[in-house]
Amino acid sequence: MKATEANLLKFLKKSPQFVIPIYQRNYSWTETQCRQLWTDLIRAGRDDKVNAHFIGAIVYVERGLGNVVQQEALLVIDGQQRLTTSILLIAALAKHFESENITELLDAFSAKKLRNYYLLNPDEDGERHFKLLLSETDKETLLSILQNKPAPTESSTRIIENYQLFQALISHHKDELEAICHGIAKLVIVDVSLDRTQDNPQLIFESMNSTGLELSQADLIRNYILMGLEPKLQTDLYKTYWRPMEKGFGQAAYTTHFDAFMRHYLTAKTGEIPNVRDVYVAFKYYSGKQKGDIRDLDLVKDIYAYASYYCAIALGNEQAPALKTAFHDLRELKVDVAYPFLLDAYHDYQQQRLTADELTQIVRWVESYVFRRAICAIPTNSLNKTFAAMSRNLKKDRYLESVQAAFLLLPTYRRFPTDEEFQREIKLRNLYQFRSRSYWLRRLENHGRKERVVIEDYTIEHILPQNEALSQEWQNELGPDWSSIQQKWLHTLGNLTLTGYNSEYSDYSFEFKQRQATDRNGDIVGFASSPLKLNTWSFELEETNAQTGVAENKSYSLATVPTWNEKSILARADRLSVEAAKVWIAPQLKLDVLDAYRPSASQAGQKYTIADHPYLASGTIHELFQAFRQAVLALDSCITEEFLKLYVAYKAETNFVDVVPQAKRLLLVLNLTIEDIEDPKGLCRDISNIGRWGNGDVEIGLSSIEELPYVMGLIRQSFDRQMGDSEIF
């Protein structure tokens, strides 16, 4: 590698041609960055004391072997953003010289010189006529500017906008044209030339990704796969696989979607969830473990296939109607933590191990699992790990059965809530302030309908109004405890419905809402005339027969119930909760079938108890250990304790702290690295390169009860890191 400081204009003039490889990201500088460049060059141009302004490095490698007769184009490895922006700036300046009929300034700047020195190769034809060739859409857009032709139909918005921005800035500062020219003449770069026989462009590219716009994980992965290939193979792979992926994700949002997709892809393939900012590192590690070359077609084809699955699941590209609807409902819940599992399931669907109906059922179970847990207020911070590992132990010859078993056999803290638990909690939950209230109302109303109701045409209605100053009619309806009844049940399932006449209902009495409300045409629009199932479902009220004095159930709906009070709200909630359990259905397997999936108790190895650890059973640290274990087990109901031969393990997903008993203290091993732990007192020790019992790289001693609160703070860090954070509601 050879790096030298160079004047930008001289650099452009002496270079034959720059080509942006197809694997490089599209031009992406924004107005902010262009204005910053403009500010810097104007400042330099106005000040004679400023000799130069550095704008960054341009790293390139020769495309092939040149000769005296014909120099080869230079492939740009890094710096395409600043190089392209500089070309746009010079093109805008040349255009200004032409439009204003300015012949020459400073004996160096004219329209002809700007074009023939820095934008074009005047003696060359075809593509070699241009100093810079971009890739894909960017290429045709830039060439249209350089040739004064109309922009192509599918043009690069950023190139056009930034070119027009420079035109506007030059026009606004036309009285300072000499300062502009001086400023451009002072722009300096670092000219970094690579020797393709000795330098590794990929390593240099990674190390120099520190200026300008930070590269996305998608950029880094694409470059890693394509950079080392010969140009023809680069082009074939890019056009056959990578470019279709970019289009599938949508050009504007490609980076965001690809980064998310690749994280889910790697999770599906490895069972491990990479950190958001470490997806590229995880991909390199994963690809390095594959058979053959990273650039082998099999891996690229696999990524391409899974990307199409992701577009079907996450971006609405699915064509099968029922499956498309199921994915839409899932997206409304924002359950992207389930995507690794669903990517695998979709792959099996493509491999004809599943039918469309079977995959739809699986999606519905995922939806039900997540929604039920949210309703039951079960912490969601283990969902990512649940779905990351779910597909790995399925029996593909009994696919649906094994998926149901996987859900039903989840441990308590990951449980699939039963109908009883779900129906109980959905009646009590504040559903009005639930983040996805339009989702649950739509699902409840449209379940089983062939002609679906467009929920967006309706608004949510509190049958018992929200107004704290309830009318006397409502107070009489509810009884002496009207205020507490309103506070308790206002936002719950039994008191909520849908209507297209929210303003007509207002805070009027129940009788008015039920039968007297009219629209602007005078038509009755009360609950009694509503076509919505939410308003017509019947519910049972217990009433005493006036003649016999015997209590009996009578069926009502919002259209017929004589009064709206606490009893009515609860009765309607009971009915709707039953319907909800049909919408968000739980897996069901016969007990003998489910038992076949239960892991068999291991007969191997010896079982240990506290009695096998004399220091803990009755030694001087017995009381300390009892206080310690009580504090650790109280962190979460999912934590289990296991006595082993040499230490005691405390587990959630796996061990997060292990206790090695000693005569006068508990030696604790935390399943963290020393970099992960926040230890203000500096009591922890790095044991990553030391032989030890237990799991983890961090060690700390516990000798007294007084030290326990601080130590528990450290243990909590290990527990929280293991459980992760995938809150979705």
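Two packed helices are described by the angle between their axes and the distance between the axes. Axes here are lines fitted to C-alpha atoms, for helices over the stretch in contact. Keep that in mind as you explore this model, which is predicted.

**Stop 1: a pair of helices**

Select residues 31-46, helix H2, together with residues 157-172, helix H6. At what angle do H2 and H6 pack? The angle is about 35 degrees, and the axes lie 10 Å apart. The crossing of these two helices is right-handed. Now show the side chains where they touch: H2 contributes Glu31, Cys34, Arg35 and Trp38, while H6 brings Asn162, Leu165, Phe166, Leu169 and Ile170.

**Stop 2: a histidine in H3**

Next, click on His96, which you will find in helix H3, residues 80-99. Is His96 buried or exposed? Its relative accessibility is 9%, so His96 counts as buried. The cut-off for buried is under 20%. Leaving aside residues up to four places away in sequence, His96 touches Ile102, Ile170, Ser171, Lys174 and Leu177.

**Stop 3**

Now turn to the aromatic rings. The model has 40 aromatic pairs. One of them joins Tyr505 and Phe527, an edge-to-face pair with 5.1 Å from centre to centre and 70 degrees between the planes. Tyr505 belongs to helix H23 (residues 502-505), whereas Phe527 sits in the loop between helix H24 (510-516) and helix H25 (533-536), so select both regions to see how the pair links distant parts of the chain, 22 residues apart. Both Tyr505 and Phe527 are buried.

For another pair, select Phe628 and Tyr650. Why is this pair called edge-to-face? The planes of the two rings stand at 80 degrees, with centres 5.7 Å apart, so the pair is edge-to-face; the cut-off is over 60 degrees. Phe628 lies in helix H29 (residues 622-633) and Tyr650 in strand S12 (residues 648-651), and the two are 22 residues apart. Phe628 is buried, with a relative accessible area of 0%. Tyr650 also counts as buried, at 0% relative accessibility.

**Stop 4: charges over rings**

Finish with two charged side chains. Zoom in on Lys13 and Tyr117: the charged end of Lys13 sits over the ring of Tyr117, 4.0 Å from the ring's centre. Then move to Arg437, which lies over the face of Tyr432, at 4.2 Å from the ring centre.

Definitions and conventions:
Residues are numbered from 1 along each chain as its sequence is written. Side-chain values use heavy atoms; hydrogens and water are left out. Axes are lines fitted to C-alpha atoms, for helices over the stretch in contact, and angles run from 0 to 180 degrees between N-to-C directions. Helices (H or I, at least four residues) and strands (E, at least two) are DSSP runs, numbered from the N terminus. A crossing is left-handed if the near helix is turned anticlockwise from the far one by less than a right angle, and right-handed if clockwise. Contact means heavy atoms within 4.5 Å. Rings of Phe, Tyr and Trp (its six-membered ring) pair if their centres lie within 6.5 Å; planes under 30 degrees apart count as stacked, over 60 as edge-to-face and the rest as tilted. Buried means under 20% relative accessible area, exposed over 50%, partly exposed in between (1.4 Å probe, protein chains only). A charge sits over a ring if NZ of Lys or CZ of Arg is within 6 Å of the ring centre and within 35 degrees of the ring normal.
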